[in-house]
Amino acid sequence: MLVCHCHAVNDARIAQVLAAGADGVRGVVRATHAGTGCGSCLPVLRRVCAQAADERRRCELASPAAEDEQLAG
Ligand code: FES
């Protein structure tokens with residue numbers, strides 16, 4: 001799904017940038033320039049970033065190592 005039309009940034013690119021360690025919306029904007037044109041994509045950009053962060057958290061919790069760490073306290 002194309003998120004930022006001005007800079008041709010899609011949700012897959014945003015997920016890739018976040019997985020590489022970008023710090024939330026600001027990090028995605030810095031890495032891709034999404035949102036720096038007309039700005040109309042910023043609400044969708046924020047939502048896509050929040051969804052990606054939620055998915056990452058769920059994956060971390062689902063991994064056995066993370067689960068073991070949590071159980072061990
Ligand atoms: S659509 Fe993203 S800045 Fe214009």
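A residue is called buried if 20 or more other C-beta atoms lie within 10 Å of its own, exposed if 12 or fewer do, and partly exposed in between, with C-beta atoms placed from the backbone. By this criterion, buried residues make up 23% of the 73 residues in the protein chain. The model is predicted: local features need pLDDT of at least 70, side-chain atom pairs count only at pLDDT 80 or more, and totals for chains, interfaces and linings use all residues. Residues are numbered from 1 along each chain as its sequence is written.

**Overall fold**
- The protein chain contains four helices and two strands; these are DSSP runs numbered from the N terminus, with helices (H or I) of at least four residues and strands (E) of at least two.
- Their order along the sequence is β-β-α-α-α-α.
- Of the contacts between residues at least 6 apart in sequence, 46% join residues at least 24 apart, a contact being a pair of residues whose C-beta atoms, placed from the backbone, lie within 7 Å.

**Helix α3**
- Helix α3 covers residues 42-62, and its 21 residues should span 30 Å at 1.5 Å a residue, which agrees with the 30 Å between its end C-alpha atoms; the expected span is 1.5 Å times one less than the number of residues.
- Leu-45, Val-48, Cys-49 and Ala-52 are the buried residues in α3.
- Seen down the axis of α3, these buried residues fall within an arc of 100°, so they line one face of the helix; the arc is that of the directions from the helix axis to the C-beta atoms.
- The other side of α3 has exposed residues, including Pro-43, Asp-54, Arg-57 and Arg-58.
- The buried residues of α3 pack against β1 (2-4), α1 (11-19) and α2 (24-32).

**Nonpolar core**
- A nonpolar core is a set of buried Ala, Val, Leu, Ile, Met, Phe, Trp, Tyr and Cys residues joined through C-beta atoms within 7 Å.
- The largest such core has 15 residues, and Val-3, Ile-14, Val-28, Ala-34, Leu-45 and Cys-49 have the most contacts inside it.
- Two or more residues come from each of β1, α1, α2 and α3, and α3 gives the most, with four.
- Beyond its neighbours within four places in sequence, Leu-45 is in contact with Val-3, Cys-4, Val-25, Val-28, Ala-34 and Gly-35.

**Leu-2**
- Leu-2 lies in strand β1 and is exposed, because 11 other C-beta atoms lie within 10 Å.
- Leu-2 and Cys-41 are 39 residues apart along the chain, with their C-alpha atoms separated by 9.7 Å.

Methods:
Two residues are in contact if their C-beta atoms, placed from the backbone, lie within 7 Å.
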